[in-house]
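Reader: Please show me the sequence and the structure, and then take my questions one at a time.

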Amino acid sequence: MNAALPTVAVAASPHVMNTYGRLPIALSHGEGCRVWDVNGKSYLDALAGIAVNTLGHAHPKLVPALQDQVARMIHCCNYYHVPDQERLAQMLVERSGLTNVFFCSTGLEANEAALKLARKFGHDKGIERPEIVVYEKAFHGRSIATLSATGNPKVQAGFGPLVEGFVRVPANDIEALKKATENNPNVVAVFFETIQGEGGVNPMRAQYLQDVRALCDQRDWLLMIDEVQCGMGRTGKWFAHQWAGIQPDVMPLAKGLGSGVPIGAVVAGPKAANIFQPGNHGTTFGGNPLAMRAGVETIRIIEEDGLLAHVEHVGAHLRAALEKGLAGRAGVREIRGQGLMIGIELDRPCSAITQRAADAGLLLSVTADSVIRLVPPLIMTTAEADEVVSILLPIVHAFLAE
């Protein structure tokens, strides 16, 4: 890649609102699983824009498709039909077994739409104050409603009063779910991530997913599964809940669906497909031609290049190497996740590892204070996975030895 680089640039944003704890890095360009900052330093990308850059950077099949679309049309409003909306919706319906799709621009918007669907589902049944079951350690977004559904007091602090209508339960405990909803006629839905991302890469067990599906059927609730971070092939199936052999009624998507182009979607099954009618919900940017083309091409390339099986293979290889390199190491609590969504939980806060890894040429994140999160592009090779391990393990060992 022949991108022109300044000799020296300072990574600073004095006119940008200070809402992020940024590293002193400004990225310039990328290719595959590697990125370069404005000073020419290269990094192996094991973060993928937080599980967004599905196909890595500058993918040779995606770039010309997006260039073609930009030259045709970037945006038109939803007063008109957008042909690629129907194409992408059909692709998602076929791969999920569900019914239809609403398009928006972000995961937050997709989750907000899911909450509105659940409330209207309740109102349509005559329930005046519908309630939705949500989970400890969940993260669904930062709007007031999705923040209220989120299970992190630290990100909620300072934004009360929160929205009412949520019942909170621990993950993977069907008896706790039954007890929390016992004799409550206002419950209309259960809402969770198959693998909690921001909460620390916490997977829901397959048996639990099956039990919740059965309970929702029994009690006429919507099963709403947030696949914003763990969907779109990240675990080796299109959607992480598919490992349990179940289907949700409502499935928010975003992040990896557009390989970096902002996009969100809510996929609905028969029980939820016709809840929204004209005027009930909408969006300005959602479903625009550029985002739809990005989604269509992302799915096409994932299938053409066999990336689902690839993710399963490389993810297993990466996890095995991490487990071998950290086996018996005091301070390592657990390595968990699936496919290319892996968390390494330590017994202490470890945010410092983010900067140390970047200094060594590796991009990753720390979530839930003590969990190192790896969510690289789905195109990562086994050789690149080995490189992640070779950089990360000495950093973890040195950190734990302090």
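This is a predicted model: local features need pLDDT of at least 70, side-chain atom pairs count only at pLDDT 80 or more; totals for chains, interfaces and linings use all residues.

Reader: Which helix gives the most to the lining of the second largest pocket?

Author: A pocket is an open set of points on a 1 Å grid over the protein atoms alone, with protein on both sides within 12 Å along at least five of seven lines, and lining residues have an atom within 4 Å of a point. Helices (H or I, at least four residues) and strands (E, at least two) are DSSP runs, numbered from the N terminus. At least two lining residues come from each of α3 (83–96), β4 (100–104) and β12 (264–268). The most, five residues, come from α3.

Reader: What is the volume of the second largest pocket?

Author: The lining has 28 residues, and those nearest the centre are Gln 85, Val 101, Phe 102, Phe 103 and His 281. By class there are 15 nonpolar, twelve polar and one charged residues in this lining, where Ala, Val, Leu, Ile, Met, Phe, Trp, Tyr, Cys and Pro count as nonpolar, Asp, Glu, Lys and Arg as charged, and the others, Gly among them, as polar. A volume is the space filled by probe spheres set on the grid points, which are joined across faces, edges and corners. For the second largest pocket the volume is about 820 Å³.

Reader: How is the lining of the largest cavity divided by class?

Author: A cavity is a set of grid points where a 1.4 Å probe fits but cannot get out. The structure holds one cavity of 30 Å³ or more, and the largest cavity has a volume of about 40 Å³. Its lining includes Ala 51, Thr 54, Val 228, Arg 234 and Leu 378. The classes are four nonpolar, four polar and one charged.

Reader: What accessible area do Ile 144, Phe 159 and Leu 162 have together?

Author: Nonpolar patches join side chains of Val, Leu, Ile, Met, Phe, Trp or Tyr within 5 Å, from residues with over 30% relative accessible area and no salt bridge. Ile 144 lies in helix α5 (residues 144–149) and is partly exposed at 41%; buried means under 20% relative accessible area, exposed over 50%, and partly exposed in between (1.4 Å probe, protein chains only). Areas come from the Shrake-Rupley method with a 1.4 Å probe. Together the three residues of this nonpolar surface patch have about 260 Å².

Reader: How far apart are the closest N and O atoms of Arg 319 and Glu 323?

Author: A salt bridge is a side-chain nitrogen of Lys or Arg within 4 Å of a carboxyl oxygen of Asp or Glu, and the count is 26. Arg 319 and Glu 323 are four residues apart in helix α10 (residues 307–326), so about one helical turn separates them. Arg 319 is partly exposed at 25%, as is Glu 323 at 35%. Their closest N and O atoms are apart by 3.1 Å.

Reader: Is Arg 336, which forms a salt bridge with Glu 345, buried or exposed?

Author: The closest N and O atoms of Arg 336 and Glu 345 are 2.7 Å apart. Glu 345 counts as buried at 16% relative accessibility. Arg 336 has a relative accessible area of 8%, so it is buried.

Reader: Which residue does Glu 94 meet in a salt bridge?

Author: Glu 94 is exposed, with a relative accessible area of 52%. The N to O distance is 3.6 Å, and the partner is Arg 95.

Reader: Where is Val 201, which has a positive phi although it is not a glycine, found?

Author: The phi of Val 201 is about 55°. Val 201 counts as buried, at 0% relative accessibility. Its place is in the loop between β8 (195–196) and β9 (202–203).

Reader: What is the omega of the cis peptide bond that joins Gly 160 and Pro 161?

Author: Pro 161 is in the loop between α6 (153–156) and β6 (166–169). The cis bond joins Pro 161 to Gly 160, with an omega of about 0°.

Definitions and conventions. Residues are numbered from 1 along each chain as its sequence is written. Side-chain values use heavy atoms; hydrogens and water are left out. Patches are made of residues with over 30% relative accessible area and no salt bridge: like charges are joined within 9 Å, nonpolar side chains (Val, Leu, Ile, Met, Phe, Trp, Tyr) within 5 Å.
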